[in-house]
Amino acid sequence: MPTSAAPIIEITNLKKHFNPPDGPLAVNKISMAIMAGEIFSLLGPNGAGKTTTINMMCGLLTPTEGDVIIAGHSVIKEPLAVKRALGVVPQELAIYPTLSARQNLVFFGKLYGLGGSELNKRVDEVLEFTGLTERAKDPIEEYSGGMKRRVNIGIGLLHRPQIVFLDEPTVAIDPQSRRNILDAVKELNAQGTTILYTTHYMEEAQELSDRVGIIDHGSIIALGTQDELMQQVGEQDTLVFCVPDVPDEFIDTLGAIQGVNKALHVDDEIRLLAKDGRTVLPDAIRLINEAGLSLQSVEVHEPTLEALFLHLTGRALRD
Amino acid sequence: MKPVIIIALNDTLISVKERATFLTGLLMPVLMMVLLGVAQGGNDGATITIDVIDEDGSKLSTQFVDLLTDEMQGEQDAFRVCAYHSDTAEDCDLPDDIADTPGDWRSTADDRLEKTDTYGAIIIEDGFGDHLRAGDTTTVTFKNSGNLSAPTLAQQKIDAAISRMSGSVAIANLTVGIAEETFAAFDPNSPERAAAFDSVLDSAETAWQDRPITVNSQSTKEQVSRSGFNQSGPGTTTMFVLMMALSAASILVYERKAGTLQRLYTLPIAKWQIITGKLLSCYLVSALQFIILIGVGMLMGVEWGDNIVGLALVILIFPLTSTALGLALATVARTSAQASSLQLLLGLTLAPLGGAWWPLEIVPDFMKTIGHISPIAWAMDALQEMMFYDGTVIDILPMLGVLLGMAAVFFAFGVWNFKYE
């Protein structure tokens, strides 16, 4: 979907401080704009502030400071007007398990102000879009995890919103269901819907997004198109060594190799960020062998958003 | 208002589809109504069984037993007198040969008392008649279980029988004594004197049959018996209606944890509409449960009274108070488990405190006062006023007023303390 130059969402100095002054500062004065028609991904590890940001944007949480203008309406001053423009798909399966998919959709459709034949038409369309027409009358508690996720998404689309917020919609589902959801997001965007997509999966952000905002500890640490973001990390490779039982001090040894910009230990993996991965590779393997460690596999990755996050924070996205 | 109704109807649909609602909302209260009702005497009212052991076997002791039976069974069959020497004691569950084994009478009576088959045993000891004939005093032993108010009532009946017997004996002794001293009519120990004593005693007893003074007890209201079901019906109904309405707390806390409440907040409707819809559903389900349990009670013989308007007002107002309490509870519980525990704790505390398990008439005055912190006490007062005293709407207005006041306080606290975020 071609994006417009006009922002449909403008976030200004958005801040959320829970139970101040001692409580956590979940979001720290975020400012950014999301353009009409784009897929914007908010990428960050768990606890980075993605959900808190979305919750403030849809009126679930009151910002400590700042404001969000959505489709021309302030979320603080005109929350109901903002909510009419939004479709929100929460991270939790916020559906009624003892009701069928159709009963859930009819209930939420009515609350979105739909009625009569229009409601029935939209429910049928959403069931078709989510591929649940055949099972529409079954209680949701009998659905698979992926089907439940699709109902969860479908509810947010009932009233044809201009903007859809999807908060980690692929958490804890099988690869096929994930594929279906990613395809549905692209199709939705192709129909003209602006998408704000939060995830901690780098691959999803890379596949879907026109632009990406990387969030960590409540602050946006990088923002732009994928090309723009890759320029920040430079032409760096990521070397991934699978080595069990690595002592932490050994990471410093690897970090001292000439050409290595950063070294990181994540679970059973050692990650090295280097301008030319192939040059660094022999020295790294030699040091691992000399240390008596068991090298199980080696991978060399081209520059990715993961590498950018590593470059900016010194940590992996999954931390 | 439309979103409120949509949410209320959806939640009601969910509740009705839930098997637990049927089990805890209908099946359990009906079972408890039956169990408590039967335990408290079913539709017959509580019958107090008193054993009578006549070890004397004299004409006077037999007369005394007849008097006791007359006094006790005149009380609307509240007492069942089981005289061991008589073959006519029906429904007493005594051994068939009990009349022929006087040596076992005392131990049988003690066993029955210990097993609470009886409330008491009256023992007329050997020599009872001789003492009376000689103008001496004698005693009758009354053993009792100390159970509730039954012994006091039984004691009153024994006293009445003793007064009657004492009066007749005194007349007989006095008359025969005058004849003996004034007219030297017969020797003190002669059969003639005994015959004269018996004759006067019989005449006195006959005279007692038509009591010179009787009480004409009149009531402007038809009395309904306090049968087991008439106590268990309203008690069980109000307790389970309260517990059903308190489930508002569990529902709100569960939906907050599950995320459905937050999803509703993201819709273009006001937060008060969402909460009101949820509470309206709990209210509707509780009121519906109230109506069904009243119907079930009627089938079991519970006499709810003729005041249909008053009953309807209780059905409308008591679930309102209970739902408001559920809202207040929802604001102090952090997890579903906490909400369920508090719901159970409150239900099982307020029910007995408010007189749902036993009549508040039998508890000390200070407990009656404390019991009225429970909404159940006020609902029970209103229901019992209509059931037992033919109460009008005016009569139950104070109780309904208190229930409405409680509802206002609980709502105010709930709204003030409710955390949307």
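In this predicted model, buried residues account for 45% of the 319 residues in chain A. The secondary structure of chain A comprises 11 helices and 14 strands. Of the contacts in chain A with a separation of 6 or more, 71% are between residues 24 or more positions apart.

One residue of chain A may be considered in detail. L86(A) lies in strand β6 of chain A, which spans residues 86–89. L86(A) has 26 C-beta neighbours inside 10 Å and therefore counts as buried, the cut-off for this class being 20 or more. When residues up to four places away in sequence are not counted, L86(A) touches C58(A), I70(A), P161(A), I163(A) and F165(A). L86(A) is also 15 residues from A71(A) in sequence, and the C-alpha to C-alpha distance between L86(A) and A71(A) is 9.1 Å.

The model also contains a contact region between chain B and chain A. Here, 17 residues of chain B are in contact with 19 residues of chain A. On the chain B side, the elements that contribute two or more residues are α1 (2–17) and α9 (260–265) of chain B. The largest share of this side, five residues, is supplied by α1(B). The residues of chain B that form this side are divided by class in the table.

| Class of residue, side of chain B that touches chain A | Number of residues |
|---|---|
| Nonpolar | eight residues |
| Polar | five residues |

How values were computed. Residues numbered from 1 in each chain as written. Chains lettered and ligands numbered in written order. Predicted model: local features only at pLDDT ≥ 70, side-chain atom pairs only at ≥ 80, totals over all residues. Contact = placed C-beta atoms within 7 Å. Helix = DSSP H or I, 4+ residues; strand = E, 2+ residues; numbered from the N terminus. Nonpolar A, V, L, I, M, F, W, Y, C, P; charged D, E, K, R; others polar. Buried ≥ 20, exposed ≤ 12 C-beta atoms within 10 Å, placed from the backbone.
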